[in-house]
Amino acid sequence: MNKSTTNAGLPARENWSTKIGVILAVAGSAVGLGNFLRFPGVVAQNGGGAFMIPYFLSFLLLGIPVCWAEWIMGRRAGRLSGLSSSPGLFGILTHGSPFRYMGALGLFVPVVIYMYYVYVESWCLAYAWYSITGALNLQDTHLDNPYQIFFSEFTGQEIRPDGPHFFPSILSTYIFFLITFITNFYFIYRGLSKGIEFFCRWAMPMLVLMAFIVVIRVITLGTPNPALPEQNVINGLGYMWNPDWEKLWNAEVWVNACGQIFFSLSVGFGIIITYASYLKKDDDVVLSGLTASSANEFCEVCLGGLMVIPAAFVFLGMTQMESVANAGTFSLGFVVMPHIFDLMPGGMFFSACFYFLLFLAGITSSLSMLQPAIAFFEEGFGMNRKASVTILSLITFFGANAIIHSEGLTAMDTVDNYASNLGIPLLALFEVCVFVFILKPAVGMQEAMIGSDMKIPKIFGFVITYITPIFLLAILGWWVKDQIVYYFFSPDWEPMNPIQSRAILLMVMFLILLAILQTLAWPRMRRYAKKYQKTLHPDDLI
């Protein structure tokens with residue numbers, strides 16, 4: 001591990017070994033399954049080109065400002081305290097006030113999301129393998145909708161009365177899960193530079209290369225069915241980029257655009273602020289943050305969008321494509337796309353490339369979800385790497401198995417709804433409040449200029465203070481309208497089923513546990529921060 005030496009009484013801190021390494025690691029944390037599966041589905045659900053306008057506005061007014069705020073606060077709090085976990089960093093930023101307990105949410109969000117994210121990653125690895133072996137070549141089967149049956153049996157959702165046809169049990173699914181789970185913890189055990197940074201330096205170029213291979217195949221499809229000349233690649237691209245102006249008046253399109261930016265950039269996860277804490281004082285945060293965000297947008301819009309949307313448009317047509325997108329991300333990614341690849345000449349090769357690049361993208365993201373908790377155990381309780389990795393692996397293994405062995409995908413959907421749709425914007429709103437009301441935008445912009453390779457725009461202070469919070473409050477308000485108001489005031493109200501209730505209860509218990517652990521860890525982190533500051537040069541305390 002690449003570590004800096006301290007005499008503060010705790011293990012020396014890790015550091016990034018190269019500038020390109022930290023950029024690829026942060027970009028890797030953002031580039032994930034959402035870029036290639038969720039983004040195309042959200043675009044199709046929200047009117048194609050009409051969605052792209054609020055999407056790019058959200059990127060400029062929500063994504064970039066929050067991203068910069070996280071980079072700035074992470075580097076500043078990290079270099080002044082030597083801490084890297086959300087509880088420690090927020091404790092320093094809030095001067096030890098009770099608001100520091102929002103740091104527990106900065107652990108809760110990435111760890112809980114990892115518990116189901118790693119399971120979906122394993123699906124991608126499995127589908128890559130089944131593409132190579134030809135098991136996904138289902139055109140000649142006698143079944144109606146064999147791709148849906150294949151997916152349902154693979155994930156253990158249901159077995160038809162005349163089945164099973166492909167998987168007699170969930171054993172094969174579980175094997176791929178174990179391989180994926182072990183792979184994640186192997187690299188996280190190796191540390192920041194030799195694990196996360198090393199993997200991202202190789203995985204990011206590889207997945208981009210595979211994405212280019214699939215994109216080239218898709219944009220050269222032309223008009224596969226001469227009987228349907230309107231279903232061609234040009235019209236598919238037009239669907240994505242030609243806006244239906246009337247749909248811009250739909251508030252849901254704007255809220256969905258804001259939500260996609262969150263999932264896309266990994267802001268509000270508690271990840272970027274942890275990654276930034278490992279930077280040195282003179283390491284750039286402005287250009288690095290913009291570069292990582294831009295790399296993510298390139299992968300999402302130019303690669304993810306160009307792969308899935310034109311292909312779905314060409315083979316399904318606009319109406320059926322939108323209908324499929326409304327059925328959900330998993331339906332598009334694991335039912336429709338295998339069918340589309342099966343219809344292409346040489347489709348199994350491109351299918352293998354597609355699902356393996358999804359697997360790589362998933363790993364780069366899930367590794368980043370583990371690092372905040374690893375940092376917390378090490379600096380809060382003085383654990384070594386082996387102990388912290390062991391404890392976190394046991395926690396996440398238990399949580400992942402609770403999701404895997406629940407009936408259907410209800411538990412996964414429930415966890416995703418509360419951890420992602422509520423937890424992420426809530427944490428981001430707290431970060432913005434800390435930046436605006438405690439750190440102050442003027443101080444933050446001054447911090448950003450230290451070692452900067454480009455000037456941060458002056459308008460950033462205005463946007464982060466007045467515009468970004470409006471976007472965040474709109475997202476949270478929409479969630480409350482859809483969830484809380486519906487459950488308590490809708491005439492169509494139905495009680496939660498036991499799986500949903502159990503999932504919510506376990507999440508609440510886990511969040512309380514993290515708050516208790518933070519209480520126990522804070523005295524040690526505070527002592528360490530004071531000792532660490534004594535090792536700094538007076539100029540470093542500015």
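A residue is called buried when its relative accessible area is under 20%, exposed when it is over 50%, and partly exposed in between, with a 1.4 Å probe and only protein chains considered. By this rule Lys481 is partly exposed, because its relative accessibility is 38%, and Asp482 is partly exposed as well, because its relative accessible area is 35%. The side chains of these two residues, Lys481 and Asp482, meet in a salt bridge at 3.1 Å, N to O, where a salt bridge means a side-chain nitrogen of Lys or Arg within 4 Å of a carboxyl oxygen of Asp or Glu.

The model is a predicted one, in which local features need pLDDT of at least 70 and side-chain atom pairs count only at pLDDT 80 or more, while totals for chains, interfaces and linings use all residues. Residues are numbered from 1 along each chain as its sequence is written, and side-chain values use heavy atoms, with hydrogens and water left out.

Consider next the protein as a whole. Its secondary structure comes to 20 helices and 0 strands, where helices (H or I, at least four residues) and strands (E, at least two) are DSSP runs numbered from the N terminus. The C-alpha atoms fill a box of roughly 75 × 50 × 50 Å along the principal axes. The radius of gyration, taken over C-alpha atoms, is compared with a globule rule of 2.2 Å times the number of residues to the power 0.38; for 542 residues a compact globule would have a value near 24 Å, and the protein agrees with this because it has 23 Å. Of the 542 residues, 60% are buried.

Contacts, meaning heavy atoms within 4.5 Å, show how the chain is brought together. Among the contacts with a separation of 6 or more, 83% are between residues 24 or more positions apart. The protein exposes about 21300 Å², of which carbon and sulfur atoms supply 66%; such areas come from the Shrake-Rupley method with a 1.4 Å probe, and for residues only the protein chains shown count as cover.

The charged side chains come next, with Lys and Arg counted as positive and Asp and Glu as negative, while His and the chain ends are not counted. There are 29 positive and 33 negative side chains, and the centres of the two sets lie 19 Å apart, the place of a charge being NZ of Lys, CZ of Arg, CG of Asp or CD of Glu. The structure holds 7 salt bridges.

One of these salt bridges joins the side chains of Arg75 and Glu447 at 3.2 Å, N to O. This pair links distant parts of the chain, since Arg75 is in helix 3 (residues 49-81) and Glu447 is in helix 18 (residues 441-449), 372 residues apart. Arg75 counts as buried because its relative accessibility is 0%, and Glu447 counts as buried because its value is 2%. The side chain of Glu447 also meets that of Arg79 in a salt bridge at 2.8 Å, N to O. Glu447 lies in helix 18 and Arg79 in helix 3, so this pair ties together parts that are 368 residues apart in sequence. Arg79, like Glu447, is buried.

Helix 3 also contains Glu70, which is buried yet has no salt bridge, the nearest side chain of opposite charge being that of Arg75, 14 Å away. Apart from residues up to four places away in sequence, Glu70 touches several residues, including Ser266, Val267, Gly268, Phe269 and Glu431.

Most residues other than glycine have a negative phi. Ser266, although not a glycine, has a positive phi of about 60°, and it is found in the loop between helix 10 (251-265) and helix 11 (272-276). Ser266 is buried, because its relative accessible area is 4%. Lys440 likewise has a positive phi, of about 80°, although it is not a glycine, and it is found in the loop between helix 17 (410-439) and helix 18. Lys440 counts as partly exposed because its relative accessibility is 41%.

The last stop is Ile499, in helix 20 (residues 498-534). Ile499 is buried, because its relative accessible area is 14%, and, leaving aside neighbours within four places in sequence, Ile499 is in contact with Ser406, Glu407, Thr410 and Ala411.
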